[in-house]
Amino acid sequence: MAIHYQCRHCQQRIGSIHGQDADTDKLGFDSLTDEEQAEMIEYDSRGDLHVTTICENCEQTLADHPDYHEYESFLH
Ligand SMILES: [Zn+2]
């Protein structure tokens with residue numbers, strides 16, 4: 001099984017974790033609420049996990065320009 005991270009804003013692939021490191025217990029997904037898990041985590045047909053998060057670039061952009069939150073829909 002593998003875990004793939006992708007940015008929710010620019011769709012950039014941030015990285016993947018494979019094998020033993022791809023242990024959901026270690027990654028703290030248990031501490032997310034069911035709602036957050038449903039929003040961020042998706043299983044594909046191979047059983048891989050796809051996690052939607054934010055990349056460094058977009059995080060920096062949003063930190064520099066808090067107004068961008070209002071335009072989030074345009075960044076999808
Ligand atoms: Zn991004």
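A: In the protein chain, 50% of the contacts with a separation of 6 or more are between residues 24 or more positions apart; two residues are in contact here if their C-beta atoms, placed from the backbone, lie within 7 Å. Please keep in mind that this is a predicted model, in which local features need pLDDT of at least 70 and side-chain atom pairs count only at pLDDT 80 or more, while totals for chains, interfaces and linings use all residues. Residues are numbered from 1 along each chain as its sequence is written.

The part to look at is the sheet, but here is its setting. The protein chain has four helices and four strands, arranged along the sequence as β-β-α-α-β-β-α-α. Helices (H or I, at least four residues) and strands (E, at least two) are DSSP runs, numbered from the N terminus. Of the 76 residues in the protein chain, 4% are buried. A residue is called buried if 20 or more other C-beta atoms lie within 10 Å of its own, exposed if 12 or fewer, and partly exposed in between, with C-beta atoms placed from the backbone.

Now to the sheet itself. Its four strands make an open sheet with mixed pairing, in the order β2-β1-β4-β3. At the edges are β2 (13–18) and β3 (41–43), each of which pairs on one side only. On average, neighbouring strands of this sheet are turned by 20° against each other, direction ignored; the axes are lines fitted to C-alpha atoms (for helices over the stretch in contact), and angles run from 0 to 180 degrees between N-to-C directions. Two strands count as paired if DSSP finds at least two bridges between them.

Start with β1 (residues 2–7). On one side, β1 pairs with β2 in the antiparallel sense over five bridges. You can follow this pairing residue by residue: Ala2 has His18 as its bridge partner in β2, His4 stands opposite Ser16, and Tyr5 stands opposite Gly15. With β4 (residues 49–53), β1 pairs in the parallel sense, over five bridges. Here His4 turns up again, standing opposite His50 in β4. In a regular strand the side chains alternate between the two faces of the sheet.

What about the link between β1 and β2? These two strands form a hairpin with five residues between them, and Gln11 has a positive phi near 65° there. Gln11 is not a glycine, yet its phi is positive. Gln11 is exposed because 11 other C-beta atoms lie within 10 Å. Strand β2 itself lies largely in the open, because zero of its six residues are buried.

Moving on from β2, you come to Ala22, in the loop between β2 and α1 (24–27). Ala22 is partly exposed because it has 16 other C-beta atoms within 10 Å. If you leave aside the neighbours within four places in sequence, Ala22 is in contact with Met1, Ala2, Ile3 and Ile17. Ala22 also lies 9.5 Å from Asp48, C-alpha to C-alpha, although 26 residues separate them in sequence.

At the other end of the strand order, β3 and β4 pair in the antiparallel sense over three bridges. One of the pairs to look for is Tyr43 with its bridge partner Leu49 in β4. These strands also form a hairpin with five residues between them, and Gly47 in the turn has a positive phi of about 90°.

Asn57 is partly exposed because 13 other C-beta atoms lie within 10 Å. Asn57 and Gln12 are 45 residues apart in sequence, while their C-alpha atoms are 9.8 Å apart in space.
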